[in-house]
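Please look at the sequence and the structure below before reading on.

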Amino acid sequence: MSNALIQSLNQAIGGPLPEAVRRNVAELLADDIFRQRLDLAGRALHRNTYAQLRTLIQRLPSSPKLFDSPQYLLALSEQIGIRNPSLFIAFAIHYGLCISTLAAFESGNKMAGKLRRAMESGKTVGAYMITELGRSNSQITTRTEAVYDPATHAFVLHSPDNGAVKFSNVGVSDQSKLGIVCARLRVAGQDCGVFAFAMPISTRRGPKPGVRMSEAAEIPLVPFDYGLCAFDHMRLPFDAWLNDGAGLDKNGVFHDPLGDPDKRLIRTLVAPKHVWAMGSRALAAVTCTSAALALKHATQRFTMARMAPQTRLLDYSTQQRALFVALATGYAMTCFSNDACADWAEHLKQKHVAATDISALNFAPWSAAHRRLALTKVLTAWAAEETCAECRLRCGVAGDLSLNGFLHWQGLGHVFNDAGGNNWLILFDTARSLLAEPLPDAPAPCMFDTSSLPSLLGLVKTRAYRLRQALAVKFQSSEAQGCSAMELWNPLLPLAREVALAHGLVLIVESAIKTNEAVADPQARQLLEVLTQLYVLEHIQRQAAWYLSEALFDAHRYHALETAITVLCERLTGSVEPLISAFGSRETAVPRPLEDPTQCYPDALMSALTRQDHRSR
Ligand SMILES: Cc1cc2nc3c(=O)[nH]c(=O)nc-3n(C[C@H](O)[C@H](O)[C@H](O)COP(=O)(O)OP(=O)(O)OC[C@H]3O[C@@H](n4cnc5c(N)ncnc54)[C@H](O)[C@@H]3O)c2cc1C
């Protein structure tokens with residue numbers, strides 16, 4: 001196996017993440033202390049996850065800070081996502097949501113700076129609260145209130161009823177936790193918009209006065225202490241308000257330079273885009289890892305069907321098709337995430353806050369906060385959920401065992417349907433905001449050639465264009481009939497979803513082609529081009545009914561799709577070893593039984609289960 005080839009593949013997959021950083025992070029996380037604990041459950045497991053988070057924080061280099069070193073933050077996200085999805089959720093909330101919110105708004109607020117430093121030292125962990133229990137789309141209709149009390153120059157934080165109770169990581173209440181709570185500010189009865197407020201919500205002795213925390217409401221595939229948090233007239237000092245330039249004059253009159261409650265809401269939500277960047281990296285990584293692991297299993301496992309005893313599992317066409325499409329998906333998602341994260345890292349460097357475009361705010365605030373990153377989160381989450389499930393199924397019972405990882409990786413994809421914002425709502429808002437932009441020029445007509453990436457890109461661009469055009473036509477016709485917004489949009493939502501997905505597919509394929517073009521090693525480049533082709537062909541085949549109905553190809557070409565996909569899978573089979581090495585997990589800790597290089601799977605599983613047994617006694 002050529003090391004140069006693996007190195008080139010690794011570089012392409014790593015994108016902007018330097019190989020040394022990825023290796024360094026893998027070594028840091030190799031310590032057994034960070035492994036997903038399968039022998040713990042409920043509170044014990046959640047407490048352990050917080051202990052892992054604190055240990056991780058203490059072991060991170062003290063300088064530079066993570067947000068000054070975005071590549072390190074992304075490499076951590078990738079590796080923690082693979083190693084321990086529950087810890088990833090804790091890490092993303094702590095850094096991506098809480099520390100980043102404090103850092104964005106702490107200017108001129110000493111208390112906020114102090115709270116951030118306490119979080120960066122691991123003395124306290126973060127809980128972020130925007131979602132409320134009572135209604136859909138609660139993130140744009142916050143009901144938790146922070147009422148200004150002029151007598152004490154302080155605020156009173158209150159949940160008016162159970163519908164306004166927050167969903168957050170509050171299911172264990174004996175940790176030192178800091179809450180970042182998005183609440184509606186009221187001054188002298190006036191609704192001043194939604195701001196973030198920062199305050200300690202619990203210590204080792206339990207919740208702070210005025211805070212009620214529920215038991216954990218378990219989400220089994222990625223366990224964490226998700227729960228409910230209510231505020232009962234909790235008194236907050238003035239500096240708990242992360243006012244971001246808004247203020248009260250000497251007469252107690254509120255002013256906000258943004259001058260618009262929607263702009264204020266989006267500005268308050270500076271943090272989710274960090275979670276989308278971190279999440280997309282973790283989701284792409286688990287997709288690649290599960291594909292590589294299932295491929296490895298398929299190369300080592302012999303089958304005993306009567307027609308061909310002692311044949312490798314991977315020699316079967318069904319296995320090849322499923323697992324190489326999985327790998328191709330992992331590669332495409334990695335390129336897509338790398339591109340989105342490169343933009344995100346650039347913005348971090350610039351340190352200024354981009355002007356807020358609220359045109360995408362309708363169902364949820366997410367697309368208005370950052371359309372591309374929100375979409376990246378959606379597509380990497382769905383790809384991870386689907387791909388890890390497929391890989392799990394392709395490994396039989398080995399796929400079902402928690403020890404082998406697939407269920408937790410699938411779980412990470414699953415919870416990111418809603419974590420960081422509901423995926424469907426992000427798609428709806430993406431489509432609405434695309435509609436608000438001028439329709440681009442129609443793509444040049446292209447011949448359908450299954451072996452040409454430019455031709456395949458042309459085809460998916462044509463689909464994106466035509467769907468967008470169809471949405472625009474239907475929208476204008478309903479508008480002309482004087483339909484209400486609900487009458488107009490409700491029947492268009494399925495098409496809106498397709499518009500956003502087709503737009504996303506174009507971005508994904510463009511990212512992959514750009515990545516391929518930058519690869520110097522011809523063999524590596526060829527392999528990555530084959531993966532890209534396979535990814536696009538798989539999608540075109542899934543949407544073949546639409547392409548046929550639009551006469552973009554005929555029945556003859558439709559049948560050619562299957563042959564082309566089979567040929568690509570056969571080509572990849574010849575290079576499966578370097579692909580597994582490049583895409584596979586880079587952990588140096590105790591390997592999962594399926595990936596143990598030192599022993600065969602039955603021996604590795606036997607010894608892992610014996611070890612687990614000892615540990616839990
Ligand atoms: C693992 C995990 C971690 C989380 N962590 C946090 C956290 O730290 N802090 C926090 O504040 N929140 C957190 N959340 C909550 C998350 O942000 C919300 O679950 C998500 O935004 C969706 O809101 P909801 O659950 O109220 O769903 P709803 O908004 O009620 O949506 C329910 C369903 O209805 C559909 N729907 C909703 N409205 C419409 C509409 N107008 N038109 C058509 N369809 C619609 C949606 O697509 C969805 O399928 C977390 C969630 C998960 C799963």
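## Basis of the report

This is a predicted model, in which local features need pLDDT of at least 70 and side-chain atom pairs count only at pLDDT 80 or more, while totals for chains, interfaces and linings use all residues. Residues are numbered from 1 along each chain as its sequence is written, and side-chain values use heavy atoms, with hydrogens and water left out.

## Strand S6

Strands (E, at least two residues) and helices (H or I, at least four) are DSSP runs, numbered from the N terminus.

## Partners of S6

Two strands pair if DSSP finds at least two bridges between them. Strand S5 (residues 177–187) runs antiparallel to S6 and is joined to it by 10 bridges. Across this pairing, Ala-183 is opposite Phe-195 of S6. The hairpin of S5 and S6 has 2 residues between the strands, and Ala-188 there has a positive phi near 50°.

S6 also pairs with strand S11 (residues 241–242), antiparallel and over 2 bridges; here Ala-196 faces Leu-242 of S11. Strand S7 (residues 206–207) is antiparallel to S6 as well, with 2 bridges, and Pro-207 in S7 is the bridge partner of Ser-202. The hairpin from S6 to S7 passes through 2 residues.

## The second largest cavity

How many cavities of 30 Å³ or more does the structure hold? There are 4. A cavity is a set of points, on a 1 Å grid over the protein atoms alone, where a 1.4 Å probe fits but cannot get out; lining residues have an atom within 4 Å of a point. Grid points are joined across faces, edges and corners, and a volume is the space filled by probe spheres set on the points.

The second largest cavity has a volume of about 140 Å³. It is lined by 17 residues, of which Ile-13, Arg-22, Glu-78, Ala-285 and Cys-288 are the closest to its centre. Helices H1 (3–14), H4 (70–83), H8 (272–300) and H21 (576–583) each give two or more residues to this lining, and H8 has the largest share, with 5 residues.

Methods:
On a 1 Å grid over the protein atoms alone, a cavity is a set of points where a 1.4 Å probe fits but cannot get out, and a pocket is an open set with protein on both sides within 12 Å along at least five of seven lines; lining residues have an atom within 4 Å of a point.
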